[in-house]
Amino acid sequence: MKKNVKLVKYVLLCAISLGVSSTFLTSCKDYDDDIDNLQSQIDANKDAIVKLQTLVGNGQFITGVTKTDDGLVFSLANEGTPITIPAVNGKNGTVVTMGENGNWFLDDVDSGKPWKGVKGDTGDQGPAGSAGSAGPAGKDGAYYVPNADGYWHKIDGKVDTKTDQPWLPVGTITAVCDGTYVTLYNVAGYENGVKLPMSPSFVASLSYIPTNIDSKLGEIAFFPVIGTDDDSKLATGKYEYNWNNEALSTTMVNGWCDFAFKVNPSNVAKEYFEAVGFMADSAYVAKTKASTNVPTLNENSKKNFDYIDNVMHVKASAAGYQLINDGNTYDDPDGMKPSPEFQGAVGSEVTYVNTVALQVKNVNASDENAANSLVTSKYINVKRMVVPQKYTMVGLNTDPSRKKQYAVTQFVDLQPMYAKSTSSADIQKFLAQLPVQLQVPFSGTTELSKYIEGYVTKYFTNTGFEGKESQYLLPKLGFDKPTFKYSKESFKAAEVDQTQKYLILDENTGDISFRPEQTAAILREPVIKVQMYIGKTLVMSKLLKIKVVKDLQEEETFPIDDLKDAVLGCSTYSQTIDFDQIFNHCKYSKEQFVEAYSGNDTWTLLKKVDGKYVALSKAETNASGISVKGANDNAAILGTALTENNTVTVETASFTLPGEYAIQLNFKANSSSVQYNPLYVVDYFNITLPTVTASINTTYWANGVAQANVQAPKTAYDSKECIFDTDLNIYFVTNSTTGKAILKYNPTTPSVGNYDCARADFVFETLAGKTATIVDGKGKAITATVTAKQIKIGNDIIATIDPQVGGIVETDHIELTNSDATKALLNTGKFTIKNVVLKNTFSNGVIDVKVFDIDFVRPLAIDPKAKGAFTDAQDMGDDLAYTDLISMTDWRGYAVAVEGDNKKHEVDLAKFYAVNAWNVCPFYLDTDNKTLLNTEILTNLEADDEGNWIPNESITTPADAKVTLPAGTNLTVKVGTDGKYYLNYKTNMGTVKKAYKMWIPVHVGYKWGEVMGTVEVIVNPVVK
């Protein structure tokens, strides 16, 4: 039997003892054997403990303990095979567990001792008074722990009292599981026991994970910096944000390189280790500063580093760290130079490189194996990523009216700063040409800081990599989030200082406001200088010209519903839009609306495509047939008529295609005082085709499939008239006057006009592009080439819709071609053309009215039973004339003559069908005696127990028959004295006592191929 003890961190506490008991000794030899056995068990325990210690020392931890008859089995996190500490002399220890009732259990027996204290009661209410307070809280109750000294200890608050009650068997190895550690006691040489973690307690190793912004940068780690550009090389920097007389790529701002390391083993708690810093090394460089020349670790990265999914992220900068200067444009000009003895001595292919390694310290003091130990990652190549100052940008995340919010890569750059050397007069000219980039309302406060963004458009590395031009937020590249300062830039225009006279600006927050009484500020264009800082370093300055507006105009989309859905017919359809509702929405009179918007009005046609309305181009709009009456080139919706008329007319042509449309009237204001600019008036409407149906004429359908056959003789029994030619309209209820299928429309009349332009037609293809297919009488799909009006197999035409007969097109007819491929299909009994389509075509679209299948049925069938029979035991055999063996009927049930018939109508039909062959199937034994192969003729005979052939009357069809015509019986074709064909039956196998059946294969050839079948013939016994 096996008992499992599941260990859950901070929940389960168990104590498991392995006992040693005395042994009966019956002889010296037995005593020696027992001693040896006991010693081997003790050695096994020692080996198991050493192995556990080794695994834990390599980063393993205990995940579970199972008590078995053989001992204690320890499962480890990443070890497939558990480790067993064997029971000694077959004795196993006691299991002490924490019960759900809060007491300790010994082998499932409640000890009565709590393993956790009961929460103390709330203190009594304090004495009454103006500021009375609660009394002191009650103490938590006492609890017990199995102490390492082998006795229960009582814990009461901070008081630990040893009791006189032992829990640990003397001289046994005992495992105590406290949710954090498994501690083994009574282990020789370990006075305080052996502690094994139940969760990872220290870091064993670190694995570097590249986190570069571009995968092409590989595994090198890059320290980001903002570096000087050419404008800082001048004795006096060109712009206010430039430095003076600095070498190219001099560090202005250090960013943070994100180093990511996978922590091994997994799940080491974050509080068990901390980052110490970096070690540095370099190749081919004099190492006079090797001990202090290391990257600067971010203070937050020491203990508060990000730690997710066993990956720790630390940040470090190149501040105070001299990277190697190997002459690259983006090397640190203040960096370390390769030592002279290596320069040029090792060849041009040598790469001078800095390398760094992260050190972390294990700080789990309770783990004696790892406390204060250092773990060092592998060395990582580090280089420099430089953002030249000119590629740092300040921009807006909104459009001028602040209606659209832009994401990164869509920011709008602010305007460049003027050079420091620019004269005052030229500064004013420079400011005058700046565009307005933001509208600011006169009333209230505008928080400019909400719309300002700092970013980078390009970066480079000293490995030759150039980042693609885009927009990168500064923190994305590792820089601290920028801050901004705002100041007023004097701009004189219209005889006033547009900025200083009117603008109130908070230089720290960027809040903009105006004095309420100073309405003269409206439509002024102040200029603001925006400075971007990272830390205390000015990185970039830009200019922003704003425009003061009375009110910030709103973009408005106003939906109306004057245009109704329409089912188009054969005429143009007109509807109107009434402008009163638009005037009312804007709270304007008609004259006020004309004054505000006249001359700036256009219209746009929208159509729904893939679930979204999209604007159509001018060419697409013209082709659609939808127009606004009187409007040319989609401009000036009503032109001067805007002041005269109160409606606009929308016309839809009869050829407009079905779809979901919208007319959008676009109005742009002439004044900044109107509330809406722009104003979009949208009216949605749908254009649809009618629902069209046709009722079938059930006379010509079977099992839901239309039936087609050859036509009956019309003028003479001429095989030229034996054709498959069918008017497809007959499959539907037709108009008695036109003979056309009657189509029913819903609605019965369109929104305007009628359906006189509609035209019905039959084709081999649906609107969805599904073409007709062919299936033969055995259910096999046949590969065919299909066009709208014709089907071919190879080069053979099978069927044609609207065929030409005598140069005249037979509209709506389907005709089969007398080709070899058509005959092969009919020889299978019938074939089906699937997906024949009755469609209805309008000036603006096509509708599939009915998709249906047509069976083309073989017109002739062989009668399954012969008219005559054979008689057994005739001296010269018995003859059966072909006219008594083979008979057939056509698809109407009329008899069709075979050789020797003399009924005129049957003979005439034989001519009509061009019957040209009738015979037993030509599988003769030889051509001289014309004897049929017995193996091809089935019978209902069976052998009895004595080997005699007797008929089985339960066999009624050739499908059930298994025995062919026995040897000694022959069927021979012969020609009689009358010139007719006979089949002669002769047997030498004995006299037939009882009639039996045989099935003889026969075939008939005719115009459309051949008919194969079997004929049942009775063999009767002789009557004496």
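Guide: A494 is exposed, with a relative accessible area of 59%. Exposed means over 50% relative accessible area, buried means under 20%, and partly exposed is in between, using a 1.4 Å probe and protein chains only. This is a predicted model, in which local features need pLDDT of at least 70 and side-chain atom pairs count only at pLDDT 80 or more, while totals for chains, interfaces and linings use all residues. Residues are numbered from 1 along each chain as its sequence is written, and side-chain values use heavy atoms, with hydrogens and water left out.

The angle in question is phi, which is near 55° for A494, a positive value in a residue other than glycine. Most residues other than glycine have a negative phi, and most peptide bonds are trans. A494 sits in the loop between strand 34 (492-493) and strand 35 (496-497). Strands (E, at least two residues) and helices (H or I, at least four) are DSSP runs, numbered from the N terminus.

L523 also has a positive phi, about 75°, although it is not a glycine. Its loop runs between strand 37 (511-513) and strand 38 (527-534). With 44% relative accessibility, L523 counts as partly exposed.

Peptide bonds come next. A cis bond joins N264 and P265, with omega about 0°. P265 is in the loop between strand 18 (257-264) and strand 19 (273-282). Another cis bond joins N746 and P747, with omega about 5°, and P747 lies in the loop between strand 53 (744-746) and strand 54 (759-763).

The loop between strand 53 and strand 54 also holds C757, while C570 lies in the loop between strand 41 (566-567) and strand 42 (573-578), so the pair ties together parts that are 187 residues apart in sequence. C570 and C757 form a disulfide, with their sulfur atoms 1.9 Å apart. A disulfide here is a pair of cysteine sulfur atoms within 2.5 Å, and by this rule the count comes to one. The link of C570 and C757 is left-handed, with -85° about the S-S bond. C570 is partly exposed at 21% relative accessibility, and C757 is partly exposed at 33%. Two other cysteines are buried: C257 at 4% and C586 at 9%.

C570 is also one of the residues in contact with S654, leaving aside neighbours within four places in sequence; the others are L568, G569, S571, T572, S843 and N844. Contact means heavy atoms within 4.5 Å. S654 is in the loop between strand 46 (647-652) and strand 47 (659-667), and it is buried, at 17% relative accessible area.

Last, the interior. A nonpolar core is a set of buried Ala, Val, Leu, Ile, Met, Phe, Trp, Tyr and Cys residues joined through side-chain atoms within 4.5 Å. The largest one has 78 residues, and those with the most contacts inside it are I833, L885, M998 and I1000. Strand 77 (residues 996-1006) gives the most to this core, with six residues. Apart from it lies another core, of 54 residues, including L217, L396, A419 and F465.
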